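Below are my notes on the model, as numbered points. Please read them with the structure open beside you.

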Amino acid sequence: MAQEGRVAAALQAAESLAKAAVALAAREHAQAGGEELTQLMRAVAMRLDAAASPAGATLQAEMDVTSRALEGLVGSSQRTEALLTKGIAALQQVAEGLGDVRGLLLERLPERAPPSRTLPAVAVGQRVRVRNDVEEPAFGWGAAKSGMIGTVCSVSEADGTCLIDFPGLSKLWRSKLDEVEVVVPDQIVNYSDGCVEKEDTAKEVQREGEEEEGKEEDVASRIAVLVQQLGPGSSAGVQQAAASSLRHMANFQSQSKTLIAAAGAIPVLVKLLDEVTDTSVQEQAAITLSSLAHENAEHQAAIAAAGAIPALVQLLQGSKNAQEAAADALYRLARDHAQNQTAIAAAGAIPALVKLLHDSKNAQLEAACALGSLARHHAQNQTAIAAAGAIPAVVKLLEPGTYDIVGDFPMHIAETLDALAAGHAENQTAMVAAGAIPAMVVLLHDSECAQEDAANVLYSLARHHAQNQTAITAAGAIPHLVQLLGSNCRVVVWEHVAEALHALATGHAQNQTAISAAIAAAGTIPALVKLLQDQNTDDEAQGAAARALGSLARHHAQYQTAIADAGAIPALVELLWSECGEDVWAAKTLNDLAAGHAENQTAIAAAGAIPILVEMHDHDAEDAQEAAAAALYSLADGHAQNQAAIAAAKKQYEEGDE
């Protein structure tokens with residue numbers, strides 16, 4: 001037993017060492033020996049696995065093999081040398097029976113390993129649950145419960161969080177990565193509202209729909225059974241379970257949404273909203289319709305045509321859970337669908353949703369999201385929602401201590417404020433009067449998603465509104481925005497922060513001076529240019545850096561000059577060769593740098609951009625054609641030498657095609 005214990009300890013410790021070294025090797029891949037290091041470390045782990053088997057060689061022999069293998073790795077990666085040396089010493093001590101290897105490695109590894117913690121192997125699409133030893137999650141339980149199993153929708157390694165779709169919850173749930181664990185299929189018995197429960201016929205179909213992508217005809221036949229179970233001949237319990245199963249199939253199987261609609265489920269589900277008195281059935285029908293409508297314009301139209309909108313508006317007067325489900329369904333039906341936005345407002349949803357803003361936290365969240373969906377790009381609804389008293393109520397939801405119960409509450413509220421403010425001067429003024437600006441400045445210190453949305457709101461408030469531009473600056477937003485622009489946050493945040501700074505600076509001399517001083521002090525422009533120049537930076541990050549620089553440069557001669565002086569132009573021209581879509585952003589940023597700036601026009605041409613842009617103009621993708629045409633126009637405008645160079649490049653390109 002003592003021997004087995006030592007083997008187990010050695011295996012566990014070596015696995016930790018192998019994972020740490022492999023992770024470092026992946027980051028050091030550009031250095032010589034990185035790939036070899038990864039392969040050898042995996043081989044070491046396999047040797048140790050063999051050592052734990054009764055049929056394996058003796059512990060001493062295996063430790064000797066391991067030590068020699070590790071010694072051969074030393075020096076193959078400069079950053080891992082110290083780690084591996086300590087690992088060898090630790091493993092040799094195990095072989096001699098001197099102490100607990102796991103404790104030794106856990107004590108020593110952090111001295112070299114960059115991460116402050118080891119995150120669980122959580123990835124998008126995996127099924128996860130909150131670990132049993134987590135009594136209170138960092139962002140609170142909200143509507144989630146211990147034991148629920150959901151699917152990971154997004155992962156942010158920068159702040160160590162993920163968003164999870166739990167069955168029965170209408171909104172994604174936010175968690176720390178180290179608070180959840182991956183659930184393997186064999187551990188999943190079944191779901192009802194996300195919890196393990198006894199199976200019945202409808203729920204067994206649900207489990208099958210989640211765990212495997214069957215043949216289309218098999219899925220269709222299962223869906224047909226479920227749609228039949230929704231009918232009036234079934235009990236309320238069977239109807240509820242069948243609706244829940246359809247909802248899960250729609251969420252977890254790509255082809256199922258189309259098959260569910262084709263099986264005639266939509267009118268049957270709408271009838272459940274109208275004709276069934278059991279609120280649990282109504283609630284589940286609304287949630288299922290919401291899933292079918294999600295990002296599917298055809299289903300949004302079909303659900304509305306079946307008469308769901310008046311029924312859902314009526315359900316806003318129902319039980320607490322029914323209200324939340326109805327609000328979420330209206331949110332999905334209205335999203336990016338102008339006809340439904342108008343129909344939902346006409347059905348009287350706006351006053352009912354505003355009333356829910358004063359209800360429970362979950363109801364407030366669902367109502368705010370629905371109102372934001374109704375307001376987005378719809379001026380009439382923006383006005384009606386404000387007239388119903390929504391703006392002060394929505395801003396009030398961001399008061400300190402209000403949103404600590406639901407994980408991504410502030411992010412969704414900020415999205416709603418952005419939808420209400422965008423392009424609507426009266427709402428912009430009303431929002432500032434209600435205290436939105438200080439709330440947005442606070443959110444700039446929240447999660448990355450909240451930072452992104454706060455920047456969007458500040459952009460919408462500042463755009464073409466001099467009074468708000470001044471108020472945002474007075475609230476201290478500029479230093480925080482500039483700090484984010486140079487930070488290690490998600491690349492999409494840079495773009496929105498840069499847009500906000502651009503809106504604050506446009507036509508406002510005082511803000512231009514303040515932003516310039518903050519950017520100079522923070523070294524933001526050189527940092528973004530460095531990302532463009534770094535060959536190890538992925539295309540997405542380079543594209544985001546290009547977008548941020550373009551937003552700063554647009555119509556601002558001072559930034560055009562500063563960005564060019566920092567060396568951005570050759571890097572942007574190099575990015576024109578990208579095959580991942582970032583060539584479009586490079587062309588747009590070159591356009592921003594060239595517009596009305598003679599020195600940059602000359603420098604961009606000298607860097608070799610013109611022949612590439614001429615070729616892009618003949619690209620199949622419309623956005624690439626438009627970006628190239630705009631850049632060529634700005635390069636040629638008032639610049640005779642560039643005009644001649646563009647004509648020559650076009651002629652050469654056409655002759656090459658012949």
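1. Leu163 stands opposite Arg174 in strand 4. Strand 4 (residues 173-176) runs antiparallel to strand 3, and four bridges join them. Strands here are DSSP runs of type E with at least two residues, helices are runs of H or I with at least four, and both are numbered from the N terminus. Two strands count as paired if DSSP finds at least two bridges between them.

2. The model is predicted; local features need pLDDT of at least 70 and side-chain atom pairs count only at pLDDT 80 or more, while totals for chains, interfaces and linings use all residues. Residues are numbered from 1 along each chain as its sequence is written, and side-chain values use heavy atoms, with hydrogens and water left out.

3. On its other pairing, strand 3 is joined by five bridges to strand 2 (residues 150-156), and these two strands also run antiparallel. Cys162 is the bridge partner of Val155. Four residues lie between the strands of this hairpin, where Gly160 has a positive phi near 65 degrees.

4. Is strand 3 buried or exposed? Five of the five residues of strand 3 (residues 161-165) are buried, so the strand is largely enclosed by the rest of the structure. Buried means under 20% relative accessible area, exposed over 50%, and partly exposed in between (1.4 Å probe, protein chains only). Thr161, Leu163 and Asp165 point one way, Cys162 and Ile164 the other. In a regular strand the side chains alternate between the two faces of the sheet.

5. For the chain as a whole, there are 36 helices and five strands. Of its 658 residues, 51% count as buried. Among contacts (heavy atoms within 4.5 Å) with a separation of 6 or more, 66% join residues 24 or more positions apart.

6. The largest nonpolar core has 152 residues, and Leu357, Met440, Leu481, Leu576 and Leu613 touch the most other members. Apart from it lies another core, of 14 residues, including Val128 and Trp173. A nonpolar core is a set of buried Ala, Val, Leu, Ile, Met, Phe, Trp, Tyr and Cys residues joined through side-chain atoms within 4.5 Å. Leaving out residues up to four places away in sequence, Leu576 touches Asp583, Ala586, Ala587, Leu590, Ala609, Ile612, Leu613 and Met616.

7. Helix 31 (residues 568-575) and helix 32 (residues 582-594) cross at roughly 145 degrees, and their axes come within 8 Å. Axes are lines fitted to C-alpha atoms, for helices over the stretch in contact, and angles run from 0 to 180 degrees between N-to-C directions. Residues making the contact include Ile569 and Leu572 of helix 31 and Ala586 and Leu590 of helix 32.

8. Which residues of helix 24 (residues 466-474) are buried? They are Asn468, Gln469 and Ile472. These residues cover an arc of only 105 degrees around the axis, which puts them on the same side of helix 24; the arc is that of the directions from the helix axis to the C-beta atoms. The face turned away from the buried side carries the exposed residues Gln467 and Ala474. Just after helix 24, Gly476 takes a positive phi of about 85 degrees.

9. Gln469 has a relative accessible area of 4%.
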